[in-house]
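Student: I would like to go through this model and ask what stands behind the terms used for it.

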Amino acid sequence: MTLRSTRRTKVFASWRSVPSLVWQIALGVGVVVAVWALCRLAEMPAERRPGTFFLPTVAHPFQPKETAPAGMVWIPGGEFSMGCEDPRRKPFGGPDSMADARPVHRVSIDGFWIDTTEVTNRQYAEFVEATGYQTVAERTPLAADFPGAPPENLVAGSIVFSPPREKVPLDNHFLWWAYMPGANWRHPSGPNSTLKEHDTHPVVHIAYEDAEAFAAWAGKRLPTEAEWEFAARGGRSGAVYPWGNEFRPDGRWMANTWQGAFPIQNTGADGFTGLAPVARFPANAYGLFDLSGNVWEWCSDWYQPNAYTAAGPTAGGVLRNPTGPLESFDPQEPGQNKRVLRGGSFLCSEQYCARYIVGTRGKGEISSGCSHIGFRCVQTALKDSAAP
Ligand SMILES: [Ca+2]
Ligand SMILES: [Ca+2]
């Protein structure tokens, strides 16, 4: 027997001589300490919690030399932590783990201009008047694109929120959405609805190409998902919402979301049962309105649930100006091409879709507008003011 194994035998023998009561006390103390530590951890703000990877946002100090485009503000760019923790234990955190928004990872982006609000009906009307553009929802679907569809079903229209009368299970969204012939951005609730007195409402029933067309006409583009999130966070690393960590600080409503039993009862406690005119709720620290709620906003990245996992790690652990995967893939609907949507809408609530939480991700089939999908644009800065 070697010297080492002899010592191990002696140590083992001494352990066995310790009374079992001592072991039980030690185990009990260990459990108490572990539970206390977990409780303290849960109480900590996200940005101070060890192991969650939310590091401080480091904004570029550069300021653009050009004049601010109308209705836009400068987002300095810089390095930030992108993604979100599992929100299910938080107030208003909802039932979804938001697994597609992890891991939280470090991203660096250049500075850019961004619209302070969602694009409005008035702004979209100016574009259509200038160009004669016809949105996807206004075009008669082609038989070639829908093989086998009866001709009577090939009617221009869009998808409108149509709440049922009775309570329904929340695992089938077809129960509260309906394809409505004649619905489009000019007739957002159906053919008999108009835009009267809705000039400053966000435009809806906008397919991805409709948003891209507007952006190109305006000399702008759609934001990447990273740009959108950097802007939405307003420099608040790891915060749950664009304005901080409380859903209703001092009792104030900070976004147009859903109150009541979804989808049958909308109390409108925040002041709006449907869309709100833009900028009716407080801006975030960068001066941007309605990042959470009101309408979903198109981003230019293709959607994949594992995009964040697939993107890293990189040299130095920081992704620079990420633009997302090269193609779409959603295992829930593999045949559909989807881009990322951000921010949630006036239909979001903690009962069904808590994607007003700033780091969460949504997705939309690119040829479908909806009565809760809109967008805002960004604009790349002149070269000398964008980045080091
Ligand atoms: Ca509301
Ligand atoms: Ca929004």
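Student: What share of the contacts in the protein between residues at least 6 apart in sequence join residues at least 24 apart?

Tutor: The share is 73%. Two residues are in contact if their C-beta atoms, placed from the backbone, lie within 7 Å. This is a predicted model, in which local features need pLDDT of at least 70 and side-chain atom pairs count only at pLDDT 80 or more, while totals for chains, interfaces and linings use all residues. Residues are numbered from 1 along each chain as its sequence is written, and chains are lettered from A and ligands numbered from 1 in the order in which they are written.

Student: How many helices and strands does the secondary structure come to?

Tutor: There are 7 helices and 13 strands. Helices (H or I, at least four residues) and strands (E, at least two) are DSSP runs, numbered from the N terminus.

Student: What makes H5 largely enclosed by the rest of the structure?

Tutor: A residue is buried if 20 or more other C-beta atoms lie within 10 Å of its own, exposed if 12 or fewer, and partly exposed in between, with C-beta atoms placed from the backbone. In H5, 9 of the 9 residues are buried, so the helix is largely enclosed by the rest of the structure. Among them are Glu 225, Trp 228 and Arg 233. Gly 234 follows H5 and has a positive phi, near 55°. Over the protein's 388 residues, 40% count as buried.

Student: Why are the buried residues of H4 said to be on the same side?

Tutor: Those residues are Tyr 208, Asp 210, Ala 211, Phe 214 and Ala 215. They cover an arc of only 165° around the axis, which puts them on the same side of H4. The arc is that of the directions from the helix axis to the C-beta atoms. Their cover includes helix H3 (121-131), E8 and E10. Just after H4, Gly 219 takes a positive phi of about 75°.

Student: Which residues touch the most other members of the largest nonpolar core?

Tutor: They are Ile 114, Ile 206, Ala 211, Ala 231 and Tyr 241, in a core of 75 residues. H5 gives the most to this core, with 5 residues. A nonpolar core is a set of buried Ala, Val, Leu, Ile, Met, Phe, Trp, Tyr and Cys residues joined through C-beta atoms within 7 Å. Leaving aside neighbours within four places in sequence, the contacts of Tyr 241 include Phe 247, Met 254 and Tyr 356.

Student: Why is E8 described as largely enclosed?

Tutor: 7 of the 7 residues of E8 are buried, so the strand is largely enclosed by the rest of the structure. Trp 296, Trp 298, Ser 300 and Trp 302 point one way, Glu 297, Cys 299 and Asp 301 the other. In a regular strand the side chains alternate between the two faces of the sheet.

Student: How do you know which strands E8 pairs with in the parallel and antiparallel sense?

Tutor: Two strands pair if DSSP finds at least two bridges between them. E8 and strand E12 (residues 373-374) have 2 bridges, in the parallel sense, and Trp 296 stands opposite Ile 373. E8 and E10 have 3 bridges, in the antiparallel sense, and Trp 302 stands opposite Arg 339. Both counts therefore meet the definition.
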